[in-house]
Amino acid sequence: MSIDIYWRIGTHGDQSSLRRRLVSRGDWSPVEPGSITPGLRGGRPDGYTHLDHMADVARSTELSGFVGGLLPSFPFTDDPWAAAASLARETTTYRFMIAFQPGFLHPVQAARMSASLQRATGGRVVYNIISGGGGPAQLWWGDKVGHDDRYARTSEFLDVLKAVWYGGPVTHKGRFYQVEGAGLPERLAGQPFPEVFFSGSSQAAIQAAGRHADYYLSWLEPFPALAAKFDQVREHSAAIGRSPRFAVRIDVLARETEDEAWAEIRRGWRHVDPEQLRGPESTGDSVGWLRSSQFIDWPVRTPRELEASPNVWGGFHLLRGGPAFGLVGSYSQVAARLDELIALGVDAFILAGVPHLEEARRVGEHVLPLLRGRWPDTAPDTSLPTLEAKGLTR
Amino acid sequence: MTSPVRSEGSSLPTKPPRFLLTLPTIGPDLSPAPLPDFVTDTREGRYGAFDAIAEVGRAAEVTGFDGIVAPFTSDAEESLVVVAGLLRDSRWIHGVAGFHPALGTPVYAAKLSASLQRFTGDRFGWWPVVDLPPEVARAYGDFLEGPDRYARADEFLTIAKGVWDHEDYTYEGRFFQVLAGGFQGPLAERRFPTVHLSGISADALDLSAKHADVHVFDVTDDLDALTADLAERAAERGRTVASGLRLTVVAREDEDEARGVRDVPDHALVGSFEQVAAELQGYADRGVNTFVLEPAPHIEEIYRLGELLLPLFLREHAHVD
């Protein structure tokens with residue numbers, strides 16, 4: 001089985017680098033000279049939108065050897081369905097990994113949108129099923145369902161969606177959804193069902209993943225913790241006769257040399273708010289977020305204090321919006337770490353870097369060609385401390 | 001070339017009417033005819049239904065139509081996906097998506113729409129379809145019947161507009177809710193999609209009075225009585241609602257040719273370009289500002305109407321200006 005490597009598309013603009021927090025691509029910051037999509041021509045907006053930049057990133061990503069990319073969804077981002085449907089005909093091979101929360105769309109509607117999008121793209125739709133981080137953001141979306149119930153709903157949503165997809169008419173009366181005689185129209189039926197990347201770190205998530213995930217997707221964590229998490233998923237899945245593959249979402253900062261990579265981090269570090277160095281604060285019920293905050297001994301003062309293991313750096317959230325962990329190092333170091341993850345059982349990566357367009361080209365040019373895959377000498381080092389030893393199991 | 005005949009005593013409208021085309025997202029037109037085996041066919045596997053739909057969108061764009069409608073019908077391509085793709089491929093046309101106003105939460109529908117407005121320069125429109133046959137509704141997970149459906153559509157539109165227009169918006173409804181919601185930053189800067197609604201019941205007119213930008217009637221409706229009724233209901237809320245009309249036109253060089261066209265549906269406007277334009281102008285004089293042409297026209301028909309019918313209205317207004 002070959003390894004699928006994705007590259008994220010930013011759905012809330014982008015910075016010109018990690019050195020500056022200003023989101024100068026897309027219109028999340030005031031449009032001024034130096035802004036891109038929209039930019040200024042003769043002092044007036046040039047008519048381009050963030051979608052044009054997303055299109056450029058998608059095309060660069062295609063050319064750089066990635067199979068597609070994740071389109072994230074948060075209250076402040078553009079919408080992944082809207083972006084994928086808009087870009088369907090402007091790309092050739094790019095797979096659109098659409099992040100969505102099952103609670104927000106009815107499964108029959110999701111089935112229809114997906115089937116039409118499969119037809120528009122020639123089968124390039126992939127799902128990133130997320131069940132929400134809880135807290136005020138969940139209520140912002142209009143969703144009052146509690147943490148474990150959201151996973152129960154996700155599970156029922158996918159049951160209904162698949163039943164509709166693979167043949168109707170479906171009649172179902174469940175806890176969250178009820179339909180009678182549901183199905184896809186004949187012309188929409190028979191498309192390949194999108195691969196499911198399933199996210200979530202809690203027990204409820206891992207159980208739901210066992211049932212529905214083609215890929216169990218995790219943020220990057222220090223490798224032993226990640227390995228332990230995968231083992232849990234394997235165990236739950238095996239109990240019901242399934243064997244999901246594994247995917248990791250990783251930010252990458254790779255340069256010719258290790259020194260250059262860390263120098264880049266240090267330039268961004270100058271603009272970090274000292275308050276943030278005391279430690280993170282959560283407002284939701286995300287277990288994944290809680291886990292990732294525990295791998296670091298807060299407070300910290302210097303960038304390297306956030307290096308949980310060689311090249312595994314937990315400070316990306318200080319330099320741009322998003323999860324904390326990623327890889328920092330030379331091209332060959334980053335490739336070696338990715339090989340180690342492959343040896344741990346990872347079958348797919350969702351890589352990202354800021355700025356997304358240029359870094360996709362860099363990583364495609366300099367890192368991906370160095371990957372060796374599942375070679376014997378990249379077997380995981382089992383002498384690393386276990387997750388239990390660090391008190392991180394819940 | 002004569003201008004459309006204006007009925008007596010009418011005041012000149014300030015703008016030409018909008019012409020929208022209903023897309024053929026269902027039906028056999030989407031698949032081109034196969035070639036005989038011995039003829040080289042380079043199309044195999046390269047083209048699909050969306051290429052045919054894209055052609056229609058391009059035709060509407062270059063021939064001067066104001067927009068396209070992807071209808072909500074249970075055997076059609078999904079309308080949001082269709083419209084998003086067509087708007088990306090065009091500069092001018094608006095795209096109206098028909099959908100069931102329980103397709104998801106109103107916050108999500110608004111969020112997806114905010115992106116489409118951003119991507120298209122405010123060219124995206126809504127057409128929520130409330131009055132569905134019960135068996136169709138239930139297949140979409142909707143077991144409500146009667147006036148409750150309008151109550152839910154009201155909530156759906158109220159919340160969607162609420163989060164669109166307010167940074168901090170809370171609404172606890174019977175069907176939907178949102179707590180401290182509301183769009184911020186660039187998502188909050190676009191116009192809410194133009195809302196099209198239809199139906200002639202009191203509930204339908206009340207929903208339109210409260211939420212519609214355009215209420216679309218059928219040619220068989222009692223247009224004058226209904227537009228007056230709707231205007232009154234809207235005025236009570238301090239609003240006005242434009243009238244639209246859904247109809248089929250068969251226009252050709254002369255009336256005989258038009259009458260010779262096969263498969264003309266009942267109630268279609270049939271005649272020469274001038275005759276059809278005059279009839280449409282008659283509706284415009286009665287307050288109709290949006291014509292939704294259906295059923296799904298062929299590419300050839302779009303070009304024919306765009307080149308030979310639409311100019312009659314544009315010339316008319318060129319004179320007025």
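Which residue in S8(A) is the bridge partner of His172(A)? I looked this up and found Val179(A).

**Entry 1: ground rules**

I note that this is a predicted model, in which local features need pLDDT of at least 70, side-chain atom pairs count only at pLDDT 80 or more, and totals for chains, interfaces and linings use all residues. Residues are numbered from 1 along each chain as its sequence is written, while chains are lettered from A and ligands numbered from 1 in the order in which they are written.

**Entry 2: the hairpin in chain A**

I went back to the strands around that bridge. Strand S7 of chain A covers residues 170-173 and pairs with S8(A) in the antiparallel sense over 3 bridges. Two strands pair if DSSP finds at least two bridges between them. Helices (H or I, at least four residues) and strands (E, at least two) are DSSP runs, numbered from the N terminus. S7(A) and S8(A) form a hairpin, with 4 residues between them.

I counted elements next. Chain A has 12 helices and 15 strands, and chain B has 11 helices and 12 strands.

I then looked up the radius of gyration, which is taken over C-alpha atoms; the globule rule is 2.2 Å times the number of residues to the power 0.38. For the 394 residues of chain A, a compact globule would have a value near 21 Å, and chain A has 21 Å, which agrees. For the 321 residues of chain B, a compact globule would have a value near 20 Å, and chain B has 21 Å, which agrees. The C-alpha trace of chain A spans about 60 × 60 × 40 Å along its principal axes. The box for the C-alpha atoms of chain B, taken along the principal axes, is roughly 60 × 60 × 40 Å.

**Entry 3: the barrel in chain B**

In what order do the 8 strands of the chain B barrel close? I wrote down S1-S2-S3-S4-S7-S8-S9-S12, with parallel pairing. Neighbouring strands of this sheet are turned by 25° against each other on average, direction ignored.

Strand S8 (residues 214-218) and strand S9 (residues 242-247) of chain B run parallel and are joined by 5 bridges. Val214(B) has Ala242(B) as its bridge partner in S9(B). Helix H6 (residues 202-211) of chain B lies across strand S7 (194-198) and S8 of chain B, and runs at about 170° to S7(B). Axes are lines fitted to C-alpha atoms, for helices over the stretch in contact, and angles run from 0 to 180 degrees between N-to-C directions.

**Entry 4: two helices of chain B**

Helix H3 (residues 106-120) and helix H5 (residues 147-165) of chain B have axes 8 Å apart and pack at an angle of about 50°. H3(B) and H5(B) are therefore oblique to each other. Angles under 35 degrees count as roughly parallel, over 145 as roughly antiparallel, 65 to 115 as roughly perpendicular and the rest as oblique.

I listed the residues that meet: Pro106(B), Val107(B), Ala109(B), Ala110(B) and Ala114(B) in H3(B), with Phe156(B), Ile159(B), Ala160(B), Val163(B) and Trp164(B) in H5(B). By class, the residues of this contact are 10 nonpolar, no polar and no charged. Ala, Val, Leu, Ile, Met, Phe, Trp, Tyr, Cys and Pro count as nonpolar, Asp, Glu, Lys and Arg as charged, and the others, Gly among them, as polar.

**Entry 5: where the chains touch**

In chain A, 39 residues are in contact with 42 residues of chain B. Two residues are in contact if their C-beta atoms, placed from the backbone, lie within 7 Å. H3(A) gives the largest share of the chain A side, 8 residues. That side divides into 22 nonpolar, 9 polar and 8 charged residues.

I followed H3(A) across to chain B. The axes of H3(A) and helix H2 (residues 79-88) of chain B come within 8 Å and cross at roughly 40°. Met113(A), Ser116(A), Leu117(A) and Ala120(A) in H3(A) meet Leu80(B), Val81(B), Val82(B) and Gly85(B) in H2(B). This contact has 6 nonpolar, 2 polar and no charged residues.

**Entry 6: backbone details**

I found a cis peptide bond between Trp298(A) and Pro299(A), with omega about -5°. Pro299(A) is in the loop between helix H9 (287-293) and strand S12 (307-309) of chain A. The peptide bond from Val354(A) to Pro355(A) is also cis, with omega near 0°. In chain B, Asp122(B) is a residue other than glycine with a positive phi, near 65°. Asp122(B) lies in the loop between H3 and strand S4 (124-128) of chain B.
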